[in-house]
Amino acid sequence: MISAESRLRLAAKARLRFDRKSSRYMLLYPERGLVLNPTAADVLQRCDGERTVGSIVTELAQQYGHEAPAVEREVLEFLQTMADRGLVRATP
Amino acid sequence: MTESERPYTLVAELTYRCPLRCVYCSNPLDYGRHREELDTETWRRVLREAEDLGVVQLNLTGGEPLVRDDLEALVEEARRLDLYTNLITSGIPLRRERLARFRELGLDNVQISIQDTEAAPSDRIAGLRAFDRKLVVAGWVKELGFPLTLNTVLHRENLDRVEEVVALAERLGADRLELANAQYLGWALPNRAALLPTRAQLARAREVAAAARNRLRGTMEVLFVTPDYYTDLPKACMDGWGRRFIVLSPEGLALPCHAAHTLPGLHFDSVRDRSLGEIWRDSAGFRAFRGEEWMPEPCRSCDRRGIDFGGCRCQAYHLTGNAAATDPTCQFSPDHGLIETAREAAENTEAPELIYRTERGGSMGEERRSLPPIS
């Protein structure tokens with residue numbers, strides 16, 4: 001389970017790429033890709049294996065001017081989905 | 001062409017040459033006739049043109065792409081263009097140093113085919129003693145830090161060993177396992193009676209794959225692809241004709257799928273003569289089955305026409321003789337009896353001898369046409 005204490009990084013098979021046709025970031029992995037909304041891109045760009053999910057939430061809440069608990073719920077749910085799909089990994 | 005048609009993936013078939021002779025190879029039966037491969041500079045130009053069209057994924061495949069000694073230059077150019085580059089290989093012939101060089105140049109993923117879980121049945125399907133070597137190469141892939149995709153084509157002879165395939169993939173540390181049932185085009189069609197599984201085999205294998213997918217969630221992606229012959233509704237072949245994929249044949253034909261140039265009466269352009277962008281937008285071959293204008297009934301009034309796009313054109317042609325027919329794998333196709341008969345044969349008949357891929361395939365193709373209808 002992903003928690004506020006987790007430190008995540010992109011899985012070895014996944015790579016972010018800015019797509020100039022759609023002006024969105026894409027997460028690319030073998031034979032597939034996800035077109036990310038701006039929030040999802042902000043989250044994944046910060047998954048560097050150093051920052052905790054909690055600190056990413058604090059940063060983004062500040063950046064968007066939103067309440068941290070609401071941002072945290074959304075970010076945790078998104079990252080859990082990404083972890084289940086093997087696209088982000090927890091660092092030990 | 002509309003905005004909804006954007007190619008995301010370029011499938012670069014760099015060569016039809018291959019040391020393996022797999023009995024379900026997707027290359028055309030007459031591949032031996034297509035010898036004039038594109039040169040490095042043309043490939044580099046095509047990669048740039050593809051990226052400009054919106055392509056973000058590049059599959060380097062063949063044949064066996066490793067037989068080209070300019071693969072390094074193509075990986076380097078792909079990386080410069082920020083394409084996600086996947087090398088789809090048998091693993092043969094490969095030296096560790098060459099693989100390490102691909103890593104330095106920015107190759108993203110390596111996909112290795114394993115025909116079975118032991119040397120004897122695996123080598124039997126590949127027509128070459130290759131199995132042990134493949135395991136060594138898969139080990140290098142992981143040691144060098146690449147993500148590893150393992151691909152096993154499933155058929156009557158190995159479908160009862162999916163559990164062992166999963167175990168092998170785990171042992172090799174695969175990040176992704178493709179359990180892809182053979183589709184009955186290319187060399188798999190003349191071998192259909194030997195390869196098509198029974199419904200019961202397929203059901204068991206699907207259960208094993210589903211259990212593995214749940215157990216391995218988050219660590220290894222497990223993909224199970226059902227053969228079209230057992231889906232009853234066609235798949236969206238290539239996500240629809242000329243919508244998402246460009247396949248480039250070794251000699252430079254830009255195609256909507258691997259086998260489109262086996263369809264008679266269609267004209268496909270070569271990237272030697274026109275830019276990839278022009279071909280994608282305007283060529284007769286790409287336009288032939290775009291949209292819904294071409295569709296016969298029952299597709300034309302079907303609710304699923306925007307989901308499956310009428311299925312596979314090559315399957316339609318190679319089974320019915322008409323490329324614009326509804327894919328016969330569809331239960332609503334007037335030709336669906338062809339599929340039912342093939343399935344019944346899988347239940348009731350002994351498998352014949354395998355036919356191996358060979359360069360004399362041109363004559364093979366003639367032979368096949370002179371056989372009684374394959375239903």
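Visitor: In which hand does α2(B) pass α3(B)?
Guide: This is a predicted model. In it, α2(B) and helix α3 (residues 96-105) of chain B pack with their axes 9 Å apart. The crossing of α2(B) past α3(B) is right-handed.

Visitor: Is α2(B) roughly parallel or roughly antiparallel to α3(B)?
Guide: The two helices pack at an angle of about 20 degrees. Angles under 35 degrees count as roughly parallel. Therefore α2(B) and α3(B) are roughly parallel.

Visitor: Which residues of α3(B) make the contact with α2(B)?
Guide: From α2(B) come E72(B), V75(B), E76(B) and R79(B). Their counterparts in α3(B) are R101(B), F102(B) and L105(B).

Visitor: How far does helix α1 of chain B reach from its first C-alpha to its last?
Guide: α1(B) covers residues 40-53, which is 14 residues. At 1.5 Å a residue, 20 Å is expected. The helix comes close to that, with a reach of 20 Å.

Visitor: What covers the buried residues of α1(B)?
Guide: The buried residues in α1(B) are W43(B), V46(B), L47(B), E49(B) and A50(B). Their cover includes strands and helices of chain B: β1 (9-13), β2 (57-61), α2 (71-80), β8 (245-248) and α9 (276-282).

Visitor: Which residue just after α1(B) takes a positive phi?
Guide: Helix α1 of chain B spans residues 40-53. Just after this helix, phi is about 120 degrees. The residue is G54(B).

Visitor: How many residues of strand β3 of chain B are buried?
Guide: β3(B) runs over residues 84-89. Y84(B), N86(B) and I88(B) are buried on one side, and T85(B), L87(B) and T89(B) on the other. The strand is largely enclosed by the rest of the structure, because the buried count is six of the six.

Visitor: Which residue of β3(B) stands opposite L60(B)?
Guide: β2(B) and β3(B) pair in the parallel sense. Four bridges make up this pairing. Opposite L60(B) stands L87(B).

Visitor: Which residue in β4(A) stands opposite M26(A)?
Guide: Strand β3 (residues 24-29) of chain A pairs with β4(A) in the antiparallel sense. The pairing extends over four bridges. M26(A) faces V35(A).

Visitor: Which residue in β6(A) stands opposite R9(A)?
Guide: Strand β1 (residues 7-10) of chain A is joined to β6(A) by three bridges. The two run antiparallel. R9(A) is set against R89(A).

Visitor: Which element gives the most to the side of chain A that touches chain B?
Guide: In the contact between chains, 13 residues of chain A meet 19 residues of chain B. On the chain A side, two or more residues each come from β2, β3 and α3 (68-84) of chain A. With three residues, the element that gives the most is β2(A).

Conventions
Residues are numbered from 1 along each chain as its sequence is written. Chains are lettered from A and ligands numbered from 1 in the order in which they are written. This is a predicted model: local features need pLDDT of at least 70, side-chain atom pairs count only at pLDDT 80 or more; totals for chains, interfaces and linings use all residues. Two strands pair if DSSP finds at least two bridges between them. The expected span of a helix is 1.5 Å times one less than its number of residues. A residue is buried if 20 or more other C-beta atoms lie within 10 Å of its own, exposed if 12 or fewer, and partly exposed in between; C-beta atoms are placed from the backbone. Two residues are in contact if their C-beta atoms, placed from the backbone, lie within 7 Å. Axes are lines fitted to C-alpha atoms, for helices over the stretch in contact, and angles run from 0 to 180 degrees between N-to-C directions. Angles under 35 degrees count as roughly parallel, over 145 as roughly antiparallel, 65 to 115 as roughly perpendicular and the rest as oblique. A crossing is left-handed if the near helix is turned anticlockwise from the far one by less than a right angle, and right-handed if clockwise.
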